[in-house]
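Good morning, and thank you for the time. I would ask you to look at the sequence and the structure together as I speak.

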Amino acid sequence: MKCLIAAAGQGTRLREKGESKPLIELGGVPIIERVILNARAGGLDDFYVVTGYRGTKVRAFLDELSERENISITHIINEEWQRPNGLSVSCAKDVIEGPFVLTMCDHLFDPEIIKDLLSHDHEEGTVTLCVDYNIENPVVDLEDVTRVNCTKNEINNIGKIIRDYNAFDTGIFYCTSAMFAALEQSAKEGDESISGAMNVLGAKDKARTFDVKGRLWLDVDDPMAFGKAIVYVDQGKL
């Protein structure tokens with residue numbers, strides 16, 4: 001099963017921890033290595049990583065990781081990494097065939113989330129977002145998290161500033177080729193983000209939800225989240 005990891009951004013909020021966010025270490029292990037190893041533990045075995053900012057150094061590390069852990073890692077380069085994250089996913093359009101799991105280089109998660117996601121029946125032509133219905137989750141940064149208004153199965157609205165929401169976006173998606181078409185349409189409408197594509201799919205009744213059932217996940221994108229991640233890593237939870 002394929003896994004696409006978006007790792008092209010600049011990561012300015014974690015700059016004090018290192019110049020390249022994917023390579024910042026948690027407990028002596030780079031964040032992106034933890035993401036890949038967690039994903040592999042969940043059942044993913046064919047990795048595609050989109051790099052951009054300081055990409056040469058990241059790709060060199062991934063080559064070393066690939067050889068050391070015997071993991072298939074294909075490089076995809078986003079030369080326009082300053083633009084929204086949807087562009088990084090679009091860069092994979094002509095590289096990845098068939099369904100794939102999409103996640104971010106700074107999102108740590110319980111591998112059981114991936115196992116459950118892969119065992120679920122997914123409809124052709126849809127994209128499924130793993131959501132956390134615990135909107136009181138103390139791990140989540142309410143100022144930054146992407147919010148989701150959804151039913152048990154469908155997404156009505158998604159974005160960082162929506163007021164009416166009942167779940168959080170965990171940054172883990174089960175994608176079909178419908179994701180690429182939605183990204184293209186959303187970009188034409190002026191929104192190059194992944195959330196924009198999910199809203200396009202939602203309007204067509206093609207955006208699905210998957211409950212992570214309270215399992216641990218963490219977006220490590222600022223010093224406060226980094227501190228939380230260190231605690232969980234030390235406890236062996238991430």
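Let me begin with a question: does Glu67 count as buried or exposed? Glu67 counts as exposed, because its relative accessibility is 72%; exposed means over 50% relative accessible area, buried under 20%, and partly exposed in between, with a 1.4 Å probe and protein chains only. This residue is found in helix H2, residues 55–69.

A word on the source. This is a predicted model, in which local features need pLDDT of at least 70 and side-chain atom pairs count only at pLDDT 80 or more, while totals for chains, interfaces and linings use all residues. Residues are numbered from 1 along each chain as its sequence is written, and side-chain values use heavy atoms, with hydrogens and water left out.

Helices (H or I, at least four residues) and strands (E, at least two) are DSSP runs, numbered from the N terminus.

Now compare Glu33, in helix H1, residues 31–41. Glu33 counts as buried because its relative accessibility is 6%. Leaving aside residues up to four places away in sequence, Glu33 touches Phe61, Leu65 and Arg68, where contact means heavy atoms within 4.5 Å.

I turn to helix H4, residues 111–119, where Pro111, Ile113, Ile114, Asp116 and Leu117 are buried. Among the elements that cover these buried residues are H1, strand E6 (100–104) and strand E8 (127–132). At the start of H4, a side-chain oxygen of Asp110 comes to within 2.8 Å of the backbone nitrogen of Glu112.

On a 1 Å grid over the protein atoms alone, a cavity is a set of points where a 1.4 Å probe fits but cannot get out, and a pocket is an open set with protein on both sides within 12 Å along at least five of seven lines; lining residues have an atom within 4 Å of a point. Grid points are joined across faces, edges and corners, and a volume is the space filled by probe spheres set on the points.

The largest pocket holds about 890 Å³. It is lined by 33 residues, and Lys21, Asn85, Met104, Asp106 and Lys160 are the closest to its centre. Strand E11 gives the most to this lining, with 3 residues.

The structure also holds 1 cavity of 30 Å³ or more. The largest cavity has about 140 Å³ of space, and of its 13 lining residues, Val139, Val140, Asp141, Asp219 and Asp221 are the closest to the centre.

Definitions and conventions
Polar contact = N/O pair within 3.5 Å; in protein donor to acceptor, adjacent residues only side chain to side chain.
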